[in-house]
Amino acid sequence: LDAIASRVELGGASHPVLVTNDLAFARDEVVEHEGRLHRVRVPACGWAVCDLAAPAAHEAPPVRTAERSMENGVLRVEWDAAGLLTSVRHLETGREAIADGATANRLQLMDDKPDPWDAWDIERSAFDTAVDLTEVDSVEWIEQSDTRARLRVTRSFGASRIEQELWLNRGARRLEVHCRVDWHETHKLLKVAFPLAVHATTARHEIQFGHVERPTHENTSWDRARFETCAQTWVDVSEDGFGVALLNDCKYGHDVHGNVLRLSLLKAPTWPDPLADRGEHRFTYALFPHAGPPTAGGVIAEAHALNAPLGLHPIESTGEAERRLPSRHSLLEPDAPGVVVAALKPADDGDGRIVRLYESFGGRRRVRLRSPGTTSAERVELLEEPADGVPVTVNDEQVELELRPLELVTLRLR
């Protein structure tokens with residue numbers, strides 16, 4: 001990044017900063033730099049020089065707030081006196097995400113005494129001891145602007161305390177919940193619950209290089225045994241035409257029963273470490289209502305964006321003669337939204353670049369990868385040895401591929 005920042009063209013920017021995007025799709029987002037909010041646009045797998053002194057150009061409506069609501073033209077969010085969500089309405093479809101008469105973002109504390117693997121197991125009986133944490137210390141605005149609204153909800157329970165900030169950015173399609181927890185419980189499990197206005201017999205869970213469907217019911221003993229399941233960055237419950245996903249940046253235990261989606265946040269075991277996990281924790285999760293299925297609805301891209309925020313890198317002033325890199329550049333860009341680039345690296349033997357990607361929607365698709373400077377490509381194995389298979393065509397710096405559902409492909413580009 002230092003090397004790029006010292007060589008990139010500034011394009012006349014008076015307060016330039018290098019903004020980088022790790023993901024394989026272009027992004028248009030609000031970022032914070034030195035206490036100020038800025039809207040930036042960055043190409044896929046690349047960078048852009050943004051002028052922080054330039055006035056922001058917003059097509060999206062501004063964020064509007066009231067005593068117990070906030071709205072950005074995409075979502076309208078409401079809460080009660082205890083800071084619990086009572087409504088998250090998806091304005092494009094007019095659909096409500098929260099079940100009628102229910103409250104969401106509801107913290108639940110449970111007794112957690114698994115035998116014998118204290119730090120690893122969760123017993124189903126723990127769910128029967130759930131206590132809703134509805135007492136609130138404070139509900140207060142900490143930011144109200146056209147670009148972002150932030151509401152802070154603080155709760156104390158047992159020997160612990162949690163601060164949650166609900167963020168709604170201009171143009172954003174997700175409601176973010178940024179948490180800071182001072183955790184000092186013993187043999188307790190903390191979950192957060194979202195009763196959804198969605199009816200589905202299965203929920204989709206992201207796994208490495210794809211996703212799987214798991215039942216939301218307990219019709220068989222096998223279903224009942226899946227009372228807690230794992231996922232990576234998202235879990236989604238969808239009907240035909242509408243769904244709701246819960247995204248997270250570091251929490252992987254979930255349970256979905258009927259219309260209630262819950263995320264496991266913290267445990268407090270005493271074996272083998274008697275003080276395991278005690279102390280301060282910071283993590284983020286987000287609620288993402290969407291039109292259509294989770295694939296076409298943008299769940300995968302939204303979850304990955306939450307986990308890979310745009311990077312901001314300072315640009316030191318040097319002579320313009322040394323700046324020969326373009327101010328906007330993409331190293332690799334698929335033309336199909338269902339293709340996820342998982343890795344981009346130099347080849348181990350120094351011969352070209354290695355790209356690992358996969359089809360994430362679960363369907364066959366043709367894709368062109370725009371890769372500036374690439375003249376040839378071949379499929380390789382995980383150890384970067386040539387793989388038997390269909391030859392790879394490159395036309396005009398575009399790699400052409402046909403992918404099977406959830407297929408994982410590794411390429412060597414030259």
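## Charges over rings

The charged end of Arg262 sits over the ring of Phe127, 4.8 Å from its centre, where a charge is taken to sit over a ring if NZ of Lys or CZ of Arg is within 6 Å of the ring centre and within 35 degrees of the ring normal. Lys251 likewise lies over the face of Phe283, at 4.6 Å from the ring centre.

The model is predicted, and local features need pLDDT of at least 70, while side-chain atom pairs count only at pLDDT 80 or more and totals for chains, interfaces and linings use all residues. Residues are numbered from 1 along each chain as its sequence is written, and side-chain values use heavy atoms, with hydrogens and water left out.

## Overall form

The protein holds three helices and 34 strands, these being DSSP runs numbered from the N terminus (helices H or I, at least four residues; strands E, at least two). For 414 residues a compact globule would have a radius of gyration near 22 Å, and the 23 Å of the protein agrees with this; the radius is taken over C-alpha atoms, and the globule rule is 2.2 Å times the number of residues to the power 0.38. Along the principal axes, the C-alpha atoms fill a box of roughly 65 × 50 × 45 Å.

Of the 414 residues, 50% are buried, a term that stands for under 20% relative accessible area, with exposed over 50% and partly exposed in between (1.4 Å probe, protein chains only). The accessible surface comes to about 19,300 Å², and 48% of this belongs to carbon and sulfur atoms; the areas come from the Shrake-Rupley method with a 1.4 Å probe, and for residues only the protein chains shown count as cover. Among contacts (heavy atoms within 4.5 Å) with a separation of 6 or more, 63% are between residues 24 or more positions apart.

## Aromatic pairs

Rings of Phe, Tyr and Trp (its six-membered ring) pair if their centres lie within 6.5 Å, and planes under 30 degrees apart count as stacked, over 60 as edge-to-face and the rest as tilted. By this rule the count comes to seven aromatic pairs. The rings of Phe157 and Trp183 have centres 6.3 Å apart and planes at 55°, so this pair is tilted. It links distant parts of the chain, with Phe157 in strand 13 (residues 148–157) and Trp183 in strand 15 (residues 175–183), 26 residues apart, and both Phe157 and Trp183 are buried.

For Phe194 and Tyr285 the ring centres are 6.1 Å apart and the planes stand at 85°, so the pair is edge-to-face. Phe194 belongs to strand 16 (residues 188–195) and Tyr285 to strand 24 (residues 279–291), 91 residues apart, so that distant parts of the chain are linked; Phe194 and Tyr285 are buried. Trp117, Trp120 and Trp271 form one aromatic cluster.

## A hairpin and a covered helix

Strand 12 (residues 138–144) pairs with strand 13 in the antiparallel sense over six bridges, where pairing requires that DSSP finds at least two bridges between two strands. A hairpin of three residues joins strand 12 to strand 13, and Gln144 stands opposite Ala149 in strand 13.

Helix 3 (residues 299–307) is mostly covered, with seven of its nine residues buried: Val299, Ile300, Glu302, Ala303, His304, Ala305 and Leu306.

## A buried glutamate

Glu407 lies in the loop between strand 33 (398–403) and strand 34 (408–413), and it counts as buried because its relative accessibility is 9%. Leaving aside neighbours within four places in sequence, Glu407 is in contact with Leu357, Tyr358, Glu359, Arg379 and Glu402.
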